[in-house]
2 protein chains.
Amino acid sequence: MAKEIERKFLVRNDRWRQHVTSETRLRQAYVASEDDRSVRIRTRDTSSAQITIKFGGSSLVRDEYEYQIPYEDAAEIINFAIGNVIEKTRYTVEYRGFTWEVDVFDGAYTGLVIAEVELSSAEDKPDLPDWIGREVTGDKRYSNQILATQRLKPELVHVISH
Amino acid sequence: MAKEIERKFLVRNDRWRQHVTSETRLRQAYVASEDDRSVRIRTRDTSSAQITIKFGGSSLVRDEYEYQIPYEDAAEIINFAIGNVIEKTRYTVEYRGFTWEVDVFDGAYTGLVIAEVELSSAEDKPDLPDWIGREVTGDKRYSNQILATQRLKPELVHVISH
């Protein structure tokens, strides 16, 4: 069991691209989704997959259990998705001692770019890069679970101001 | 992905006990439970645990995905059970070329004994031992999912006629 603490932001421009250290293609779908729990399947590129069970409605700290499963199983299970299958490319960006993940969505959410930074404690204060926009930590509209099972309004998707 | 075909019966008496080849202590709980899908955690004795995802409302054939997870994780996840935690001892009984599993429940379902036989095809016709009672294949009241998330009526529990 791991506690997950992260802050989430919209992204203002493309300057993060020059600091990318890796990229991964992600597909994810929820096979169960309730207010206080979720079961998510995620594939990485075309090689690996995980099942993740999360409990607790709090947005900052949750109980999370994650296990590797065969990629072929995951590709089947995704057919039982509740709502949308989320497809995005995740870029890893290093900035002043913190690792940021920048998610560039496609499909229904083309235009949406979200940056997350994982903290080792709730007291961590990362420097914010200049490409960071409005903080949306705790804004459930931008949670994976809501993006997958509902439909984000277009004006919340197209937020990049070049 | 495995297809699961099984028949399920109530048990009339204790004569199966002389043919037991092994026994396992099982605890199981559902962390998600919908008409067309479920996510179940199960521990075996105090050593191993599985997560099982099932899809499809048909009682005879379902899509089932099962993965080993750490016992310690499972013991934590069971605290997030929807409804009852099912506790039972499963006895394996060999009879005329088929392997039967006899589940003796305790806790809220003390008195309930269910026998299942797994078939390799829907055409398999196993000989029924003389301790077998009424067939309940497809009777959702006796499904693990309903037993866990609802409450079986007492008159459906106490069915042994000695």
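Pro70(B) sits in the loop that joins strand 6 (63-69) to helix 1 (71-77) of chain B; helices (H or I, at least four residues) and strands (E, at least two) are DSSP runs, numbered from the N terminus. This is a predicted model, in which local features need pLDDT of at least 70 and side-chain atom pairs count only at pLDDT 80 or more, while totals for chains, interfaces and linings use all residues. Residues are numbered from 1 along each chain as its sequence is written, and chains are lettered from A and ligands numbered from 1 in the order in which they are written.

Pro70(B) is partly exposed, because 13 other C-beta atoms lie within 10 Å (buried is 20 or more within 10 Å, exposed 12 or fewer, partly exposed in between, with C-beta atoms placed from the backbone).

Two C-alpha distances are listed below.

| From | To | Distance |
|---|---|---|
| C-alpha of Pro70(B) | C-alpha of Gln50(B) | 8.0 Å |
| C-alpha of Ala32(A) | rotation axis | 3.2 Å |

In sequence, Pro70(B) and Gln50(B) are 20 residues apart.

Chain A and chain B each give 14 residues to the contact (C-beta atoms, placed from the backbone, within 7 Å). On the side of chain A that touches chain B, two or more residues come from each of strand 3 (20-34), strand 4 (37-44), strand 5 (48-55), strand 6 (63-69) and helix 1 (71-77) of chain A. That side has eleven nonpolar, no polar and three charged residues (Ala, Val, Leu, Ile, Met, Phe, Trp, Tyr, Cys and Pro are nonpolar, Asp, Glu, Lys and Arg charged, the others, Gly among them, polar).

Chain A superposes on chain B (RMSD 0.0 Å) by a rotation of 180 degrees with 0.0 Å of shift along its axis, by least squares on the C-alpha atoms of residues with pLDDT of at least 70 in both. The two copies are therefore related as by a two-fold rotation axis. Both copies use the same surface, as 100% of the contact residues of chain A recur in chain B.

Definitions and conventions
Two residues are in contact if their C-beta atoms, placed from the backbone, lie within 7 Å.
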